[in-house]
Amino acid sequence: MGIMSYLRDRMGKILAFVIGLALLAFIGSEVVHSGSSFFRGDATTVAEVNGEKIDYKDFSQRIEASTDQFRQQYNQPLTPQVTDYIQNTTWNQLLTGILLKKEIDKLGLVVGEAETASMISGNNPDQQIQSQFTDETGKFDKGKLNQFLSYINSGKVPAAEFERWGNFVKNVIDSKRQQKYVALVSNGLYVNSLEAQDDYTDKNKLANFKYTVLDYASLPDSKIKLTDDDYSTYYNEHKGQFKNPEETRSFEFVSFNAAPSKQDSAAIKDQVEKLAASFKSAPNDSLFVQINAETKTPLVYAKKGQLDPTLDSTMFNAAKGTVYGPYLAGGKYKIAKLIDTKVGPDSVKARHILLNPATEGGMDKAVAKADSLKKLIQGGKSFDELAKTYSIDKNSAVKGGDLGTFGRGAMIPAFEDAAFDGKAGDLKVVKSQFGVHLLQIESQKGSSKVVKVAVIDKSLTPSSETQNAAYAKAQQFLATVNSDNFTAQAKKAGLAVKTSDDVTGVASSLAGLDNARPIVKWAFGADKGAIGDQVFAVGDQYVVTRLSNIKPQGVLPLDAIKKQIEPAVLLDVKGKQLAEKFQSALNGSTSIDQVAQKAGSKVTPVQNIVFANPVLPGSSAEYLLVGSIFGSQPNKLSAPIKGQSGVYVYTVESFVNPAPLTNTVREKQQLSQVLAQRTPGSLLDALKDKANVKDNRAKFL
């Protein structure tokens, strides 16, 4: 029950903010994953950045903290995709901090004591601080911040929580230093009048022209036979595009389904049906749930819309004791029993005083003290003052024990039952896992029918017979394959060969394969063409793999990307053939109509195209074509231009110049804004390109 402790609540959210904070949000997303050989580094070094070693223990602690933050903030299951996201985000933040810190320290940028105090408690605190202390409307509440700071400075804060606050402040200061560094670079950039004039011209100068095009699609792919020379020519002309930032591996695989069979499903359904008969007559529904359910949830009242859709449409019109099911939901067979139904409030406004049995001498003494406080309040003592004095829940204590207004499902069951079952003005002593509460119901609003439903669930899992049969097939297939016959053997067995390309060394999940970490680790320790050394169990699949390709870090060799660039090479060869056709048509021609007639194409007129928006009407962007047009003279036939959709020949009819630009202020401002937005990413790219990063994460994760 998060609102039970202001400090826990604030520190939980602060930690979530700090850990999840991309030190500068617009920088963090730009970090590039640098990589190196799987086996480099020593036994505990997970990475090395410009000579600074990152120990695996430190990195794993950061990942654990990020994982805890995710659980607190989102309350969602840790899927392989989420695990990947957490690991990559943590790495990005760590790398960002190291790269920037070196430059910041070199320049001697600091945040002084007075500036720090102003950022925390001044009239306009840092945005990271403000976002943690807001009112019901989401606006910054200075009063809440001051209350929290008073508590922090009271000397009564546990050491661990005080340390977490210190770490939060340190992160705020580090973030401020980074902002100063980026601002220093950004403010050193300048847009001059010539750049403003060029930008104005690019956006406003108009071109009127005619073109004729031979589409790439006019040449069937089947008519093009690519040669090794075609590949090498294209590769050499575009070599700079093939730089691989980190080592990746590709593999192909076949999978054998071990999902529950119809017989497995029927057997589990039969188990649940037998439980349903016992559930109807069970004398203790809560105990029955705890013994028989896989998901042991407490029994609480729920209003319409809070149950599973299947139950929501059933239980609100059923009689007490009704057992519904079995029904299939979320991969489980379930049965549900209606325990109780009543009409109750929709929300409650309450306050409480929380006592800790451990410091009061036991549960009985804590209850006795709560009873004593109850009598004092009934005798006229201020609940507000007693809460501030005795409650260990500093979240509410600083506000006189106020918990605000909450609906059903916001509190733990024992506390919620007491708050919703009573009436305004009631004082109740309630025991929970947090301690002993003296609860006062201040008001209740609304009135709705609520139901208490108990649910028994059993997962739909495969039987050992189903698993053994699938595993035996996978083992049999593994025994028949080698690096040369994998595809042929799969085809012979009627199995589909799936691929997973360009997998990084830290991937946890792959397309079609969740929880695939063991396969990735194998792939990064195997040679090209190797068959998996075992049958891998991935979810409800048994998988046999073959490592099909390795792409090392750096400029990739032609062999590593030959398949990848085949479509581009095909267009390049088509472009050359179509350009030759146009070149023949150009010989002896004096107009674009003559060229089109000889080439068997048609002429298209185009009006009012600007350089800054090179899109042809009814077509796509054609950068090379439009760029060439704006560098041409009117009334001249162009040479063939290989564009995005085909090969073009054009002739410019006229250019229309815009009105002279007399004041460049607005254009300078616009360009400066664009430059400022790009600066953080470009800055980090420059630091990254200069950095020496050895990434050994694949070996540890």
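Me: Contact here means heavy atoms within 4.5 Å. On that basis, which residues does Val49 touch, not counting residues up to four places away in sequence?
Reply: The model is a predicted one. With residues up to four places away in sequence set aside, the partners of Val49 include Ile54, Leu95, Ile98 and Leu99.

Me: Which element gives the largest share of the largest nonpolar core?
Reply: That core has 27 residues, and Val49, Ile54, Phe59, Trp91 and Tyr181 touch the most other members. Elements giving two or more residues to it are strand 1 (45-49), helix 3 (56-74), helix 4 (80-107), helix 8 (159-187) and helix 25 (665-690). The largest share, nine residues, is from helix 4.

Me: How many residues are in the second, separate core?
Reply: Phe253, Ala516, Phe524 and Leu547 are among its members. The size of this second core is 17 residues.

Me: Why is one side of strand 14 and of strand 15 left without a neighbour in the sheet?
Reply: The open sheet has four strands in the order 14-5-16-15, with antiparallel pairing. Strand 14 (498-504) and strand 15 (536-538) are at the edges, so each has a single partner strand.

Me: What is the bridge partner of Arg249 in strand 14?
Reply: Strand 5 (residues 248-257) pairs with strand 14 in the antiparallel sense, over five bridges. In strand 14, Arg249 has as its bridge partner Val503.

Me: At about what angle does helix 19 run to strand 16?
Reply: Helix 19 (residues 464-480) lies across strand 5 and strand 16 (541-551). The angle to strand 16 is about 35°.

Key. Residues numbered from 1 in each chain as written. Predicted model: local features only at pLDDT ≥ 70, side-chain atom pairs only at ≥ 80, totals over all residues. Heavy atoms only, no water. Pairing = 2+ DSSP bridges. Axes fitted to C-alpha atoms, helices over the stretch in contact; angles between N-to-C directions. Core = buried A, V, L, I, M, F, W, Y, C linked by side-chain atoms within 4.5 Å. Buried < 20%, exposed > 50% of the residue type's maximum accessible area, 1.4 Å probe, protein only.
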